[in-house]
Amino acid sequence: MKQLNLGFLTPYSGVYPFYSAHLVTGWMVGMGLDPARQRTVQVLPEFTRGGGPKATTEAAKKLLFFNQAAVLSGLINYKSLPSLMPVVEAQRKLGFFFDMGELIPDHSAISPDIFYASHQIWQSEYALGRWAQKRFGDAGHIVMPLYESGYHLANSFQQGAFGAGAQELRVTVLPDNPGNTSAMDLTEFFAEIERHPPPYVHAIFVGDMGTRFLHAWKESRFHKKVPLTVVETMAYEDILEDVKHLELELYSALTWMKEDERKENKLFVKTFESKAQQPANIYGLMGYEAGLVWKELLPYAQTGDWDKVKVQLRTNTIRGPRGEKGFHPSS
């Protein structure tokens, strides 16, 4: 059978430096292949710097035109799609991308040639907003840096709260410092919630800024006085490990928990950890979900029947560690 060349777009991540290895390992495990010994799939990684549209599109062209990748994959941001989609569609290639789901797909992102293994964080934000409104009451307060305000996480949380009857939600977007993108001035935010005490605060930060916010929250007078809810990426096991000594009290919504007792999840955790020699994590999970569907598609891909592969991807769902999942926005 023909080897499948898989082009893999790989942006830099200081928070999760090994995410691409975990994605690929999970993918191979989901397909029933040994990640270390398999020769069925050749993965061709291509660095995309910060994952911006220009670098992503240039890397995609190199993988498709020079490396002759049959499938273009990797971790992307939906903001790259307007320049990425024409490259894939012009060659009638297949795009199968991973994304964290900080943007809700719109109709312009729907293509017969492009599929998404999305983590869909916007869904957990919606659920958390709905829950926070019911649990703590109206007029909560969202805090986030300028960068995060450009995504749909806060909007999704707001829609969840409004759907549960909220009349008001206050928002603080931290001042931007172009000379220091990691700067975090919480002075005005703390002053604002002092002036207008909210029933709860919702924090949306990523990476190092998230742990720094949690330290600042613990040192403030509001810890354990104002309930704190956080975006799910601030509540992952490895992030909380860094702040466990703070004995924080906070709430979040997770689309996946390692401890989930359903048989599909227990199988994933056991298999991934035995093959990868790493704790099961969200990137391994996303890869594994992709592997479950590609296990069924591989015979068609190896014979070059890409029309059949695309038809299957548009309609097929898998029963994975966190339930049923599809890979095309129309589903």
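Predicted model: local features only at pLDDT ≥ 70, side-chain atom pairs only at ≥ 80, totals over all residues.
Residues are numbered from 1 along each chain as its sequence is written, and side-chain values use heavy atoms, leaving out hydrogens and water. Local features need pLDDT of at least 70 and side-chain atom pairs count only at pLDDT 80 or more, while totals for chains, interfaces and linings use all residues.

- Strands β1 (residues 4-10) and β3 (residues 71-75) run parallel and are joined by 4 bridges; strands (E, at least two residues) are DSSP runs numbered from the N terminus, and two of them pair if DSSP finds at least two bridges between them.
- The open sheet has 5 strands with parallel pairing, in the order β2-β1-β3-β4-β5.
- At its edges are β2 (41-47) and β5 (114-118), each pairing on one side only.
- From one strand to the next, the twist averages 20°.

**Helices across the sheet**
- Helix α1 (residues 19-30) lies across β1, β2, β3 and β4 (94-99), at about 150° to β1; helices are DSSP runs of H or I, at least four residues.
- Helix α11 (residues 282-302) lies across β1, β3, β4 and β5, at about 170° to β4; angles run from 0 to 180 degrees between N-to-C directions, with axes fitted to C-alpha atoms, for helices over the stretch in contact (heavy atoms within 4.5 Å).

- In β6 (residues 140-144), 5 of 5 residues are buried, meaning under 20% relative accessible area with a 1.4 Å probe, protein chains only.
- Gly140, Ile142 and Met144 point one way, and His141 and Val143 the other.
- β6 pairs in the parallel sense with β7 (residues 169-173) over 5 bridges, where isoleucine 142 partners valine 171.
- β6 also pairs in the parallel sense with β8 (residues 201-203) over 3 bridges, and histidine 141 stands opposite valine 201.

Technical notes
Buried < 20%, exposed > 50% of the residue type's maximum accessible area, 1.4 Å probe, protein only.
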